[in-house]
Amino acid sequence: MSLSWITPAERIQKLPPYVFARLDELKAKAREQGLDLIDLGMGNPDGATPQPVIEAAMQALQNPANHGYPPFEGTANFRKAITKWYNRRYNVVLDPDSEALPLLGSKEGLGHLAIAYINPGDIVLVPSPSYPVHFRGPIIAGGVIHNITLKEENDWLIDLSSIPEEVAQKAKILYFNYPSNPTAATAPREFFEEIVAFAKKYEILLVHDLCYAELAFDGYQPTSLLEIPGAKDIGVEFHTLSKTYNMAGWRVGFVVGNRHIIQGLRTLKTNLDYGIFSALQTAAETALELPDSYLQEVQTRYRTRRDFLIDGLGKLGWNIPKSKATMYLWVRCPVGMGSTDFALDVLQKTGVVVTPGNAFGPGGEGYVRISLIADCDRLGEALARFKQAGICYQQEAVVSV
Ligand SMILES: Cc1ncc(COP(=O)(O)O)c(C=O)c1O
């Protein structure tokens, strides 16, 4: 029997291929061939969740009160812990009942926000490159993506003046993310002030993804959108516990900011999910209350890896600027090589997995992203394989060493 009538909805058919899924297939094939893979492809932190968080979860698991459906809007205690953390971190006061909403990871919320707010045909402003759900969520919702191409010569900052007036007039939402995945770029506070003024002028809903709030080095402190006066009138900010607290598998994140925007997302989610297991919300409270010494340890870990890899790649001809935040290096491909070809070449010759930049939209073409998710021993092994395979970069061509 032909199954050709089982066709996914257009919103699914419109999605560009998910490069990470294709990368998974290639990784599986390489493993079958017996290659010892060094996977620096995903943004999946490699360490364990902090012990106090695990202990809080184990204790909360024993409490039958946690075994039923959690409250739709998240537990009151977790919401209070979120707003307390926000106040401590950014000196911003938020109402835990209306201005904070726990999420099943920030990806879920970023995607659902698009469904809650975008009607078919609405224009959505999205930087390119960007974290995929920033454009895939709006595509699923039927939005029309206006790519704002980011450029290395502009330090990967959004050039708001490049957005045509008629597009700005019609746009409904602008997604953005600093410190950035994948470019590792950071944005100065003045940029946040500019983008808030832009969004107010054109009545655009501003969505900031501050997933890398804590992974910052060399004394740099990322800006929260909500620190900017007036931002709460038009914007929301997404956070995750996945990165800082090594909790990617736990699926815990949250959104804070404008109460009306949050209400739309809450209404949608109430119809689709039940939120996070209450026991995990208790554990997440513990994470947000961890002392600064824990954060310093995490920051030192990623900074050490960043320095080690950048120095090692420097010896192979790469000139990679040291970014002040995130867990990524954003590396220009050798001249004449596209992202996919270069990532495949590296995988086949060395067993090192890097992500082709075009996975993050057309603006990522010509780059690959390397995640700092292995210790320096493993990164050293990756460098040794690069050297042996002749994967090195020079101004004009790839050459063998
Ligand atoms: C910029 C950005 N936002 C959101 C996420 C998703 O995080 P979560 O685990 O909270 O869904 C990621 C994960 O890599 C990310 O890089």
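These legends describe close-up views of one predicted model.

The model is predicted: local features need pLDDT of at least 70, side-chain atom pairs count only at pLDDT 80 or more, and totals for chains, interfaces and linings use all residues. Residues are numbered from 1 along each chain as its sequence is written, and side-chain values use heavy atoms, with hydrogens and water left out.

**View 1. Arg79 pairs with Asp97 in a salt bridge.** A salt bridge here is a side-chain nitrogen of Lys or Arg within 4 Å of a carboxyl oxygen of Asp or Glu. The closest N and O atoms of Arg79 and Asp97 are 2.9 Å apart. The pair links distant parts of the chain, 18 residues apart: Arg79 is in helix α4 (residues 76-90), Asp97 in the loop between α4 and β2 (100-103). Helices (H or I, at least four residues) and strands (E, at least two) are DSSP runs, numbered from the N terminus. Arg79 is buried at 5% relative accessibility, while Asp97 is exposed at 53%. Buried means under 20% relative accessible area, exposed over 50%, and partly exposed in between (1.4 Å probe, protein chains only).

View 2. An α-helix has 3.6 residues a turn, so residues three or four places apart point the same way. Glu193 is partly exposed at 38% relative accessibility. Arg189 is partly exposed too, at 35%.

**View 3. Arg306 meets Asp218 in a salt bridge.** The N to O distance is 3.0 Å. Arg306 belongs to helix α11 (residues 292-315), and Asp218 to the loop between β6 (205-209) and β7 (235-240), 88 residues apart. Arg306 is buried, at 4% relative accessibility. Elsewhere, salt bridges that share partners join Asp36, Arg378, Glu381 and Arg385 into one network. The model's count is 20 salt bridges.

**View 4. Helix α10 is mostly covered.** Of the 11 residues in α10 (residues 278-288), 9 are buried. Among them are Leu280, Gln281, Glu285 and Leu288. The cover includes α3 (51-61), α4, β2 and β8 (253-257).

**View 5. Helix α5 is largely enclosed by the rest of the structure.** In α5, 9 of the 12 residues are buried, including Glu108, His112 and Tyr117. At 1.5 Å a residue, α5 (residues 106-117) should span 16 Å, and its end C-alpha atoms are 17 Å apart, which agrees. The expected span is 1.5 Å times one less than the number of residues.

**View 6. His146 lies in strand β4 (residues 144-149).** His146 is partly exposed, with a relative accessible area of 21%. Not counting residues up to four places away in sequence, His146 touches Ile123, Val124, Leu125, Val126, Pro164 and Val167. Contact means heavy atoms within 4.5 Å.

**View 7. Cis peptide bonds and positive phi values occur in loops.** Most residues other than glycine have a negative phi, and most peptide bonds are trans. A cis bond joins Ser128 and Pro129, with omega about 10°. Another cis bond joins Asn181 and Pro182, with omega about 20°. Asp155, not a glycine, has a positive phi of about 55° and is exposed at 55%. Ala184 has a positive phi of about 65°, but Ala184 is buried at 5%.
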